[in-house]
Amino acid sequence: MATRTDALTRREQILKEAARLFAERGFHGVGVDEIGAAVGISGPGLYRHFAGKDAMLAELLVGISGQLLTGAKRRLAESDGDAGPETVLDSLIEGHIDFALDDRPLITLHDRELDRLRDSDRKLVRQLQRQYVELWVDVVRRVYPALAEPSARSAVHSVFGLLNSTPHLGRPGSLPGRGATAELLHRMARGAFAAAAAGE
């Protein structure tokens, strides 16, 4: 008999393969049967887990937006006021870099397919993203108090653009290792914030 853990694991497998296939071939270029084949079940078997491709897309895009916000809140809570704002900012950057390096298909999917979501799901994604941005803005302004709020918000969006460029970095093997790439992205993100503050 399948356990709840087995069902969750299968859902995660389906979502991972759906994200990869949607990113490679586009939402309309992938059929339910192909997603099922990628995880070793029949296409109709997917309907035990999801109502259809639209439901998968919604769970992927709403899900990652929620995970980023939850992860950032957790990093703030773990600092519990003991860590200085520089340490908190570094932690936020590290968390976003982990996402940008490990979930590249979701970045591509968001860029290409967000408009395919139902209005309610798209609004939820945007709401979660706004909360995530504002959390960063608050931390950035604690590190750089002279940076005006609109400038801090623009800087945060610019850094997200930089970090979320990972799907365009090249083929695997053409880049330095993950650690070196993460370190480079981190330096560039901090450099972008420092440059924004220097201009105020």
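# A tour of the predicted model

Start by selecting Gly-43: leaving aside residues up to four places away in sequence, Gly-43 touches Val-32 and Asp-33. The model on screen is predicted. Gly-43 belongs to the loop between α2 (32–39) and α3. Is Gly-43 buried or exposed? Its relative accessible area is 5%, so Gly-43 counts as buried. Gly-43 and Ala-148 are 105 residues apart along the chain, and their C-alpha atoms are separated by 52 Å.

**The whole chain**

Zoom out and colour by secondary structure. The chain has 8 helices and 0 strands, and from the N terminus on its elements run α-α-α-α-α-α-α-α. Taken along the principal axes, the C-alpha atoms fill a box of roughly 55 × 35 × 30 Å. Of the 200 residues in the chain, 42% are buried. Among contacts with a separation of 6 or more, 70% are accounted for by residues 24 or more positions apart.

Select Asp-82, which is found in the loop between α3 (53–79) and α4. Here the relative accessibility is 71%, and because exposed means over 50%, Asp-82 counts as exposed.

**Helices α4 and α5**

Next, show helix α4 (residues 85–102) together with helix α5 (residues 104–113). Their axes come within 5 Å and cross at roughly 85°. That angle makes α4 roughly perpendicular to α5. To see the contact, display side chains for Phe-99, Ala-100, Leu-101 and Asp-102 in α4, which meet Arg-104, Leu-106 and Ile-107 in α5. Sorted by class, this contact of α4 with α5 has 5 nonpolar, no polar and 2 charged residues.

Stay on helix α5 and pick Thr-108, which has its place there. What does Thr-108 touch, not counting residues up to four places away in sequence? The contacts are Ala-23 and Pro-167. Thr-108 counts as buried, at 15% relative accessibility.

**Aromatic rings**

Now select the rings of Phe, Tyr and Trp. The count comes to 5 aromatic pairs. Centre the view on Tyr-132 and Phe-160. Their ring centres are 5.3 Å apart and the planes lie at 15°, so this pair is stacked. The two residues come from distant parts of the chain, 28 residues apart: Tyr-132 is in helix α6 (residues 119–143) and Phe-160 in helix α7 (residues 149–163).

Are these two residues buried or exposed? Tyr-132 is buried, with a relative accessible area of 7%, and Phe-160 counts as buried at 9% relative accessibility.

**Charges over rings**

Two last stops show a charged side chain against a ring. Select Arg-11 and Phe-50: Arg-11 lies over the face of Phe-50, at 4.1 Å from the ring centre. Then select Lys-53 and Phe-27. The charged end of Lys-53 sits over the ring of Phe-27, 4.5 Å from the centre of that ring.

Key
Residues numbered from 1 in each chain as written. Predicted model: local features only at pLDDT ≥ 70, side-chain atom pairs only at ≥ 80, totals over all residues. Heavy atoms only, no water. Phe/Tyr/Trp six-rings, centres within 6.5 Å; stacked < 30°, edge-to-face > 60°. Helix = DSSP H or I, 4+ residues; strand = E, 2+ residues; numbered from the N terminus. Buried < 20%, exposed > 50% of the residue type's maximum accessible area, 1.4 Å probe, protein only. Lys NZ or Arg CZ within 6 Å of the ring centre and 35° of its normal. Axes fitted to C-alpha atoms, helices over the stretch in contact; angles between N-to-C directions. Parallel < 35°, antiparallel > 145°, perpendicular 65-115°, else oblique. Contact = heavy atoms within 4.5 Å. Nonpolar A, V, L, I, M, F, W, Y, C, P; charged D, E, K, R; others polar.
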